[in-house]
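Please follow the account below with the sequence and the model side by side. It moves from strand pairing to helix packing and then to single residues.

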Amino acid sequence: MRDQLRMRLLKAWPELDIVGEAKNGEEAVALAARLHPDLTFLDIRMPGTSGMDAARQIGGHSNIVFVTAYDPYAVEAFERGAVDYVLKPPEPERLQVTVARLKERLARPKDANAVSMNMSDSVTRMLSQPAQKMATPKPSYLHWIQASIGQDLRMIPVGEILFFRSDDKYTCVQSERFEALIRKPVRDLTEELDPALFWQIHRATLVNVNAIEGVTRDIRGRHLVLIKGKPDKLEVSRSFLHLFKQM
């Protein structure tokens with residue numbers, strides 16, 4: 001994810017000087033104290049010190065941008081003040097918005113008497129709250145998909161679905177026993193399905209992690225997900241290859 005963020009940030013902001021990278025919260029805090037960066041991009045969930053804890057220590061000296069897989073329940077809290085956020089995986093279009101905001105923020109005159117650098121009081125208070133007070137309501141994910149098979153309507157438990165694959169008009173819902181169709185696109189399903197159960201591997205494909213048998217490459221160098229008990233091979237786009245680095 002850091003590699004992807006670095007690559008897309010440099011495309012969106014070529015003159016940006018990335019002075020350091022950290023693999024966990026403690027390292028991020030130490031690097032920020034030594035390097036004094038104008039901007040710090042923090043994942044919320046990191047080994048050891050969380051992004052929230054790191055932000056509480058760094059936020060008075062650097063502009064914070066959260067990189068998060070959290071849904072808009074958490075995002076709403078960040079939007080109350082000057083702290084920005086980018087949802088994972090970081091999309092180029094969203095990064096362009098973030099870069100524009102950061103450039104505007106850095107162009108403002110600096111107040112030597114300010115307690116924090118370009119951070120509103122509301123955000124400073126938010127970051128100083130105990131972590132348990134920052135907890136957001138657990139999102140409610142879909143448990144059933146209502147889909148059409150010919151003239152019939154079926155209620156399919158999401159755990160039985162192997163993958164979703166969209167075309168221009170419909171999304172195919174593939175289970176072990178049958179294939180059905182729905183009109184909801186993958187971009188909407190990504191917000192309604194549990195991300196721990198369904199991974200987006202392509203802009204038009206979601207796959208049940210329990211249905212993944214492995215990953216292979218074809219003669220063109222494309223990465224393909226193999227589905228247990230099925231001949232289907234689902235292409236993985238470059239943006240989502242990081243999901244399989246641990247496999």
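Val225 has Leu234 of strand S13 as its bridge partner. This pair belongs to the contact between S12 and S13 (residues 233-236), which pair in the antiparallel sense over four bridges. Strands here are DSSP runs of E with at least two residues, helices are runs of H or I with at least four, and both are numbered from the N terminus; two strands pair if DSSP finds at least two bridges between them. Leu226 stands opposite Lys233 in S13. S12 and S13 form a hairpin with five residues between them, and in the turn Gly229 has a positive phi of about 70 degrees.

The model is predicted, so local features need pLDDT of at least 70 and side-chain atom pairs count only at pLDDT 80 or more, while totals for chains, interfaces and linings use all residues. Residues are numbered from 1 along each chain as its sequence is written, and side-chain values use heavy atoms, with hydrogens and water left out.

On its other pairing, S12 (residues 223-227) is joined to strand S11 (residues 212-217) by five bridges, and the two run antiparallel. Leu226 of S12 is the bridge partner of Gly214. S11 and S12 also form a hairpin with five residues between them, and Gly221 in its turn has a positive phi of about 85 degrees. Together the three strands make an open sheet in the order S11-S12-S13, with antiparallel pairing. S11 and S13 stand at the edges with a single partner strand each, so one side of each is left without a neighbour in the sheet. Neighbouring strands of this sheet are turned by 30 degrees against each other on average, direction ignored; axes are lines fitted to C-alpha atoms, for helices over the stretch in contact, and angles run from 0 to 180 degrees between N-to-C directions.

Another open sheet has three strands in the order S1-S2-S3, with parallel pairing. Its edge strands are S1 (39-43) and S3 (84-87), each of which pairs on one side only. Phe66 stands opposite Tyr85 in S3.

The text now turns to helix packing. How do the axes of helix H2 (residues 25-35) and H3 cross? They come within 9 Å and cross at roughly 15 degrees. That makes H2 roughly parallel to H3, where angles under 35 degrees count as roughly parallel, over 145 as roughly antiparallel, 65 to 115 as roughly perpendicular and the rest as oblique. H2 passes H3 in a right-handed crossing; a crossing is right-handed if the near helix is turned clockwise from the far one by less than a right angle, and left-handed if anticlockwise. Gly25, Ala28, Val29 and Ala32 of H2 make the contact with Ala54, Gln57 and Ile58 of H3, contact meaning heavy atoms within 4.5 Å. These residues divide into five nonpolar, two polar and no charged. Ala, Val, Leu, Ile, Met, Phe, Trp, Tyr, Cys and Pro count as nonpolar, Asp, Glu, Lys and Arg as charged, and the others, Gly among them, as polar.

The axes of helix H1 (residues 2-12) and helix H5 (residues 92-106) likewise come within 9 Å, and they cross at roughly 60 degrees. That makes H1 oblique to H5. The crossing of H1 and H5 is right-handed. Leu5, Arg8, Leu9 and Ala12 of H1 meet Pro92, Leu95, Gln96 and Val99 of H5 in the contact, which has six nonpolar, one polar and one charged residues.

Two single residues complete the picture. Thr49 lies in the loop between S1 and helix H3 (51-58). Is Thr49 buried or exposed? Thr49 is buried, with a relative accessible area of 16%; buried means under 20% relative accessible area, exposed over 50%, and partly exposed in between, with a 1.4 Å probe and protein chains only. Leaving aside neighbours within four places in sequence, Thr49 is in contact with Gly25, Glu26, Ala54 and Gln57. Glu191, found in helix H8 (residues 186-192), is exposed, with a relative accessible area of 63%. The C-alpha atoms of Glu191 and Tyr141 are separated by 8.3 Å, although the residues are 50 apart along the chain.

For the chain as a whole, there are eight helices and 13 strands. Of its 247 residues, 41% count as buried.
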